[in-house]
Amino acid sequence: MEYENPYSNAKQFWSAVKTKFELDTQRTAPVKPFVTLTFAQSLDAKISSANKQQILLSCKESMVLTHHLRTVHDAILVGVGTVLTDDPRLNGKRIVTYFLLADIVGRYMIRFVEPSEYETAHNPTPVILDTNLRIPENARIIHYHKQDSRCKPPIIVCSPTAYNSSSSKKSTLESYGAKVITVDEADCDVSGRPTIGAILVALGGQGVRSIMVEGGSQIIGSFLKEQATSTNSTIDLMIVTVSPKIIGSLGTGPTDSIVLDGSPPAIELKDQMYKQFGCDFVVASLL
Ligand SMILES: NC(=O)c1ccc[n+]([C@@H]2O[C@H](COP(=O)([O-])OP(=O)(O)OC[C@H]3O[C@@H](n4cnc5c(N)ncnc54)[C@H](OP(=O)(O)O)[C@@H]3O)[C@@H](O)[C@H]2O)c1
């Protein structure tokens, strides 16, 4: 069978998606940042296993795509729930492994040597939506930029109430390099969370032109709900990896946290591109 380089495939796919959909991912302020919503799901539409435990769904080829997508966005956004369960670092580093897997040692071995392309690769600014500053002070995302100078310190978006009641937590997080930003009280919903629209405006104000929204379940739900109910488009592009696995009814789905009227469909996707990455199937859809 012909050997396929997963890193080249990832770059080619992103380039083809940008060309076909005529994407402008480098919009300049004060316009809303470009938003790519992306996640990996099982064949029965679950993104995590029972009790929201992290589960590895993507195969190595689609994982390379995910990490390449991180490097082509200014920021990568998750909710505090994902930080609490997965403790992610949210960078593009795993590309290194697969870049080498593809280009140096071939299909069956992995070596951790850094190629020159990675030295200059862009790493996105991590953004965490965390209304009440619940993020642990020792979370890897808070400290990782000090271990690797190519990585950026995170932006944490919280509510104005958290700002007052947890000011010592805010100062501690800032002392580690994190930027803690808030939105006006009027821009929070009934549960006190900053609205997605206000978050995007606030991030645009920080110079963020493109955001890759990676999850988890509640964050994906909130972005989809905003897309379904707002008159302005929130999500520009969706890239979903479908993995040939069945999780079962205890798993969590991407829309479990929201109610959408499904008839007619709450969101109509405009145009699609499909590609197989290893054993996974990736669909990119324009909204
Ligand atoms: N398969 C994938 O691609 C993928 C990707 C990422 C994560 N995951 C999985 O997803 C699971 C975590 O999902 P999760 O739902 O527990 O956590 P989450 O969606 O990452 O974070 C949810 C939390 O974010 C905060 N938040 C702030 N603003 C929000 C808003 N506007 N809308 C919704 N939430 C907001 C809320 O806490 P406050 O109210 O306290 O702010 C909420 O509890 C993990 O199992 C993880 O492994 C899967």
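The largest nonpolar core comprises 58 residues, a nonpolar core being a set of buried Ala, Val, Leu, Ile, Met, Phe, Trp, Tyr and Cys residues joined through C-beta atoms within 7 Å. Val127, Ile128, Ile156 and Ile211 have the most contacts inside this core. Strand S1 gives the most to the core, with 5 residues. In soluble globular proteins, nonpolar side chains tend to be buried together.

The structure is a predicted model, in which local features need pLDDT of at least 70, side-chain atom pairs count only at pLDDT 80 or more, and totals for chains, interfaces and linings use all residues. Residues are numbered from 1 along each chain as its sequence is written.

Val78 lies in strand S2, residues 75–79 (helices, H or I, of at least four residues and strands, E, of at least two are DSSP runs numbered from the N terminus). Val78 counts as buried because it has 24 C-beta neighbours inside 10 Å (buried means 20 or more other C-beta atoms within 10 Å, exposed 12 or fewer, partly exposed in between, with C-beta atoms placed from the backbone). Val78 and Gly216 are 138 residues apart in sequence, yet their C-alpha atoms are 6.4 Å apart.

The shell around the ligand has 29 residues, of which Gly79, Gly81, Thr131, Gly215 and Gly216 come nearest (a residue is near a molecule if its C-beta atom, placed from the backbone, lies within 6 Å of it). At least two shell residues each come from S1 (34–42), S2, helix H3 (80–86), strand S6 (210–215) and helix H10 (217–229). H3 supplies the largest share, 5 residues.
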